[in-house]
Amino acid sequence: MNMIEFRDVSKIYDDNTAALKKINLVIKKGEFLFLVGPSGSGKSTFIKIIIKEISESSGSVFIAGKNICNLKTGKIPQLRRNVGCVFQDFKLLPDRTIFENVAFALEVIGKPGYEIKILVPQVLKLVGLSNRMDSYPNQLSGGEQQRVSIARAFVNRPPILLADEPTGNLDPTTSEGITKILSRINIIGTTVLMATHDRNIVNSMRRRVVELEEGEMIRDQKRGVYGD
Amino acid sequence: MVRPKYFFSETFISLRRNFFMGFTAITTVAITLFIVGLFSLIVYDIQGVINSVKSEVELEVYLEDDISEELRDFIEQEVLSWQEVDSINYVSKEQALESFKKQYEGSDILKEIGGNPLPASFEITLKSPEKIDRVALRFYDKDGNFIEGVNDVIWGKDYVNKLFSITAIIGTVAFLIIIVLLLAAIVLIFNTIRLSIYSRRKEIEVMKLVGATNWFVRIPFLFEGFFEGFAGGTVSVILLYFIGNFLLVKGERIIADTMRIKELAMIGSGNVIFYVYIGIVVMGGLIGILSSTIALRGYVKI
């Protein structure tokens, strides 16, 4: 089954810069894919299109077989509940504990309290933070904060998880830990797309690599490395 | 997906954070609606005064001392045939003196009067008091002199007209003040909502990211605006109850005294005040919802 499919997708911003040029790509269910390329190559645009934060200028995007091009505004939340998202800057709420941060993602989509009480500790165990549930984000290291952010993205068990430079602010050892968690989530059956320019991680994982350069897809390799 | 507890706690967290802004907004709404309420009661009250005065409005036509009985009867019949006229009552010179004496009993003025200087007159009451001018003018001829047999015509035109214009002025001034204050209240609530949207922009970002619906994001802010308007309305009702009533009762007494009207008990006659109170609280809530809706427009969007 195709989880994410881009057909001739281009994105031209208002200032006429072409962020994506005629991208054709199919990502199957359960795949783990690295999206690589230098800053400004279109990686973030790629991810923003999937969660409908921005719309493509031309072409079609299919998520789990559904064309999302003409998705009504009211249906966007539903799409986002099926696509977890992790960012370089974590986006944690500083005045809430780790537990509350993760629970927040369930609260705002209307999950009942008893489910929240079960799901949150479960996912925090998955990312190895069971003992930090009552801490606040600023009491955690960068790597731990990113794990919380992954837990929040995954607590709802979305079939797709997107990570935009998740290790961008982290040292190599910590980055490795983050990638391991994403890999673990992938093994359970989640489709994972990780945008990165972290050479070491890509090379050590030997997964599918798609490379973008100035909005064009210049490489799609089965068991790839970062490149020269 | 109804979670009132969540919305309430979010609303109050937000109110606590922006306490000063919220306080200012509530105060402004309270003052605005207090003035709205006060002026509507005043206008209502004056309307009551006018009505009670209207019913007492009458025309007095003083007759020449040497008027013939035929002419007098003719005028009486003629006046009675006018549509606007309710009744006509003849007061002879003697009756006039009698009532004058009664009115000034014990006063020195009586000693100075020799004979009977008072004229005979007709007291005419009208069905429609606002047409009093038109009726009065019929006692003049084309050149502006009184018709034969008539010495003078007196009607309370000044004081009726004054009352009408006072109400009109009060109404206009109140209307302008209220508009300005309403705008101020709306802007202030708008600002508090914008501020709390700003202070919660991270939450909003995360909410959208994990798939919260637009309404879910918006409801706490709508609640906040509603609460501020509603609280302002409630405060103004309390103010009206204690201060407004007091002022109006005083004012009534002054009006009643200057106009020599015995009873004017308009205020305190229950229902109207009650409706004004309800109306004010409802208005407060509406102002709040309106302002926060404007503040949310285009802001909290997916």
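Colleague: In the hairpin of β9(A) and β10(A), which residue takes a positive phi?

Modeller: General idea to start with: most residues other than glycine have a negative phi, and most peptide bonds are trans. Here, Glu214(A) takes a positive phi near 45 degrees, in a hairpin with two residues between the strands. Some bookkeeping: residues are numbered from 1 along each chain as its sequence is written, while chains are lettered from A and ligands numbered from 1 in the order in which they are written. This is a predicted model, so local features need pLDDT of at least 70 and side-chain atom pairs count only at pLDDT 80 or more, but totals for chains, interfaces and linings use all residues.

Colleague: Where does Arg157(A) lie, and what is its phi?

Modeller: Arg157(A) lies in the loop between α5 (142–154) and β7 (160–164) of chain A. Its phi is positive, about 50 degrees, although Arg157(A) is not a glycine. Arg206(A) is another non-glycine residue with a positive phi, near 55 degrees, and is found in the loop between α7 (199–205) and β9 of chain A.

Colleague: In what sense do β9(A) and β10(A) pair?

Modeller: Strands of a sheet pair through backbone hydrogen bonds, either parallel or antiparallel. Helices (H or I, at least four residues) and strands (E, at least two) are DSSP runs numbered from the N terminus, and two strands pair if DSSP finds at least two bridges between them. β9(A) and β10(A), residues 216–221, pair antiparallel over five bridges; Glu211(A) has Arg219(A) in β10(A) as its bridge partner. With β3(A), residues 32–36, the pairing of β9(A), residues 208–213, is parallel over four bridges, and Phe34(A) is partnered by Val209(A).

Colleague: What order do the four strands of the open sheet in chain B take?

Modeller: They go β2-β3-β1-β4, with antiparallel pairing. The edge strands, pairing on one side only, are β2 (85–91) and β4 (150–155) of chain B. Neighbouring strands are turned by 20 degrees against each other on average, direction ignored. For angles in general, axes are lines fitted to C-alpha atoms, for helices over the stretch in contact, and values run from 0 to 180 degrees between N-to-C directions. Inside the sheet, five bridges join β1(B), residues 58–63, to β3(B), residues 121–126, with Tyr62(B) opposite Ser121(B). Helix α3(B), residues 69–80, lies across β1, β2 and β3 of chain B, at about 160 degrees to β2(B).

Colleague: Which residues of the largest nonpolar core touch the most other members?

Modeller: A nonpolar core is a set of buried Ala, Val, Leu, Ile, Met, Phe, Trp, Tyr and Cys residues joined through C-beta atoms within 7 Å. The largest has 72 residues, and Leu35(A), Val102(A), Val123(A), Ala151(A), Val155(A) and Leu162(A) touch the most other members. α3(A) gives the most to this core, with seven residues. A second, separate core of 34 residues includes Leu15(B), Ala30(B), Leu188(B) and Leu296(B).

Colleague: How many residues does the contact take from chain A and from chain B?

Modeller: Two residues are in contact if their C-beta atoms, placed from the backbone, lie within 7 Å. The contact takes 15 residues from each of chain A and chain B. On the chain A side, α2 (76–81) and α3 (98–107) each supply at least two residues, and α2(A) gives the most, with five. That side has eight nonpolar, three polar and four charged residues. For these classes, Ala, Val, Leu, Ile, Met, Phe, Trp, Tyr, Cys and Pro are nonpolar, Asp, Glu, Lys and Arg charged, and the others, Gly among them, polar.

Colleague: What ipTM and pTM does the model score?

Modeller: ipTM is 0.87 and pTM is 0.69. For single residues you read pLDDT, the predictor's confidence from 0 to 100. Chain B averages 79, and 83% of its residues score at least 70.

How values were computed
Buried ≥ 20, exposed ≤ 12 C-beta atoms within 10 Å, placed from the backbone.
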